[in-house]
Amino acid sequence: MTALLILALLQDDVAGWVDKLANDDIATREEATRRLASMDPAAIETLEKIKTDDLEQRGRLDEVLAILRARRKLAGVFGPTKRATISARGRKLGDVLAELGRALDEKLEGDGFAADATIDLELKESTLWESLDALAAAAKAHYEYEKDRVVLRPGRRPSFPVLYAEQFRVSPVELKRLDYIGPGKRESAGVIVLEARYQRNMKPGQEVFHNAVVVKSVVDASGDSAAADGVEWGGITLLKGRPFAAQKTIFVNPEAPGPLRIEGTTDILFVLDEKEITVPLDGEARETKEGDITFIVQDLTSSPAGISLTLASKENVRDEDAANRMVGHALTLFDAAGKGHAGRWHRGSIGRVGMLFTFPPGIEKPQKLVFRWVTKFHRVEIPFTFEGIQIP
Amino acid sequence: MTFALLIALLAAAQDPPKITIEKTGAFADLVRELASKRGTKIELHKDIEAKDITISVRDAGYFEALDALCRAHGGANYTEENNRWPRPAGFTLNAKPWVEYPASHHGDFKTMIEGFVGFRTRSVDGEGAWARARVIVFGPPGVKILGTDDNPMPVDIEAIDADGKDVRADAATQINEQTEVAVRTFRDDNTACLSLVMKPFDLSKGLRTLKGKASMTVADVADVRLNVESGQRAEISAGSLAVTTVAESRDVLGPKWRLTLKYEPKGKPVPLDRLVDFYARYDGSRHEREYLSPRIEGDLVEIEVRAPHRPAWVELQIRSNVRTLELPFEFKDVVFK
């Protein structure tokens, strides 16, 4: 089946967007990619059949397909994405917030708006993040996605390219230039912060951010790598962090000819299944086998300051996610009376050296150690490409 | 005796004696002489060239004298950036060229401007531009700067750029960022970084004036040695520390010892994490000082040491006279070339 015929079978607007993937204008190509990537994943099989000799179009189609496949996988794991449809013209902002909040199952509040403020807003099957971004743009406002609510406040904030994928929103959130001068030294650095955000009410919802955003390349306008190492005068890098978000900082050459293009993927682990593990302490063999790992308690000592022990494994643990498998780094020590005592983790992860835990004094005859261990993760891998990135 | 004279005499009693060294001699010997005047130890990296130098300092503070020694040598330095964690304990001169930073001395303390950083950012929090002057405070032997992550705080700052403009930060200086980079820079474990936010200015032209005070929490420190035997006790200013238990164990990394120490206060108890600096030396340690990962339960603290054999002793830094110090500094015509 030829490309033309396949395109003809797609809706006219989709065909138009596929065409625009080869447009000379970056903004048009970006918009086309975004539109196609937000389509129903049912279009995957049809889009896969499109053949083209245009390298740019081919690359972007592959990118769209990767995103659609990731979205299909996400929907399969986390259930259907919450979406909202609203058509509002000159409606009271408060009413629109209430309706949108109900549709998205979010507590949505306005702060700093006049009581009679109105808004024009059109949403059609929009995800949480699409809806909030559109709402902010329509209200000339910005929002804070807080621990237990969403607050909309007046005043626009800088916008960045965004990838929406079901419950997720991936985007650069900061572009920074640093200029340093010291004795005999004058240097500059560029910094980009990338963020993967997810909605709060997902099931499963326990995240483990081991290295949640992976950048594969940063390329400048000449096609050369613009990636840079950190700078020795940079001190410690600290991310502020936002609720329900994983962030990643990268350094770039600030003199690289812009705009920059960044490619990467998210790599967020969500807990799918976990089980309770018990290690007996009342016998000689203080160990329990679970799958490939034999958990062993070593170095159990008691002093006036309390009990300390090391939970280790007999094997060298090669699982790169092992550091994240102990749920909450929480360990409970049960005494002879059956009372549980929470331990405090000090350092280490499961492996032959192990994790050091301490417990308060006064625990009589410790009998067993209990903790929860993740047996299955779901890995959220959403590929992304952001173009048009300019360091200030 | 007048009140003013009494205050002056009391202040003089608290300030350490000024240092005068006017001689030619081996660099290592002169460093040792300086260290002995303050009852401390200065390690020299083995690669520092052994040579004679001539130095002439009169009525100087500790760091003034140390700077004169390093300047005369030319190949010894202690002001290098070190952003490792935990920060290295102990004081070492490294085999690196001496670098002249703008410096301000007050008593035995030193402040120096390490550099200026200009920031321009565009983030989801907004856009912004600002600058920072990174001022490093060096604490002298016997006085420890505590809690260096949020210590010191700026007081009475004046900042004038080369064109005469006041560049102190004001309400309009918005720091809108998701990531903190280049805010603070670190040296050894008795330094602190005062990172002063300012309005943007021409970094290459520098500042005409930067003055003010660094307000910080400091304490007097003294090393106390404890023999590693149950029942052994050491008297300290705030009471006593006694070894209650010593337990040996072993893991894949080798042998280790857990010591439990009991604090018996004299007068009002001092929280153990303020009383004791757990960067300690011990018999058999691999480094000059190591962090002992203390576990504090009321008046008990458990520490762990790794050594090939049972350590005969542990030496802890004990703090006393915890106080707030407002350290003045003043810099004129700071231009980095």
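## A covered helix

A residue counts as buried when its relative accessible area is under 20%. Keep that cut-off in mind as you look at this predicted model.

Helix α7 of chain A is mostly covered, with eight of its 11 residues buried. The buried residues of α7(A) are A:L128, A:W129, A:E130, A:S131, A:L132, A:D133, A:L135 and A:A136. Following α7(A) you will find A:K140, a residue with a positive phi near 50 degrees.

## Its partner, α6

Two packed helices can be described by the angle between their axes and the distance between those axes. In chain A, helix α6 (residues 93–104) packs with helix α7 (residues 128–138) at an angle of about 170 degrees, and their axes are 11 Å apart. Angles over 145 degrees count as roughly antiparallel, so α6(A) and α7(A) are roughly antiparallel to each other.

Which residues make the contact? From α6(A) come A:L97, A:L100 and A:L104, while α7(A) brings A:L128, A:S131 and A:L135. Sorted by class, this contact has five nonpolar residues, one polar residue and no charged ones.

## A look at chain B

Now turn to chain B, which has four helices and 20 strands. Its C-alpha trace spans about 65 × 60 × 55 Å along the principal axes. Of the 337 residues in chain B, 50% count as buried.

The accessible surface of chain B is about 15,400 Å², and carbon and sulfur atoms account for 50% of that surface. For contacts in chain B between residues at least 6 apart in sequence, 71% join residues at least 24 apart.

Note on methods: Residues numbered from 1 in each chain as written. Chains lettered and ligands numbered in written order. Predicted model: local features only at pLDDT ≥ 70, side-chain atom pairs only at ≥ 80, totals over all residues. Heavy atoms only, no water. Axes fitted to C-alpha atoms, helices over the stretch in contact; angles between N-to-C directions. Helix = DSSP H or I, 4+ residues; strand = E, 2+ residues; numbered from the N terminus. Parallel < 35°, antiparallel > 145°, perpendicular 65-115°, else oblique. Contact = heavy atoms within 4.5 Å. Nonpolar A, V, L, I, M, F, W, Y, C, P; charged D, E, K, R; others polar. Buried < 20%, exposed > 50% of the residue type's maximum accessible area, 1.4 Å probe, protein only. Areas by Shrake-Rupley, 256 points an atom, 1.4 Å probe, with all protein chains shown as cover.
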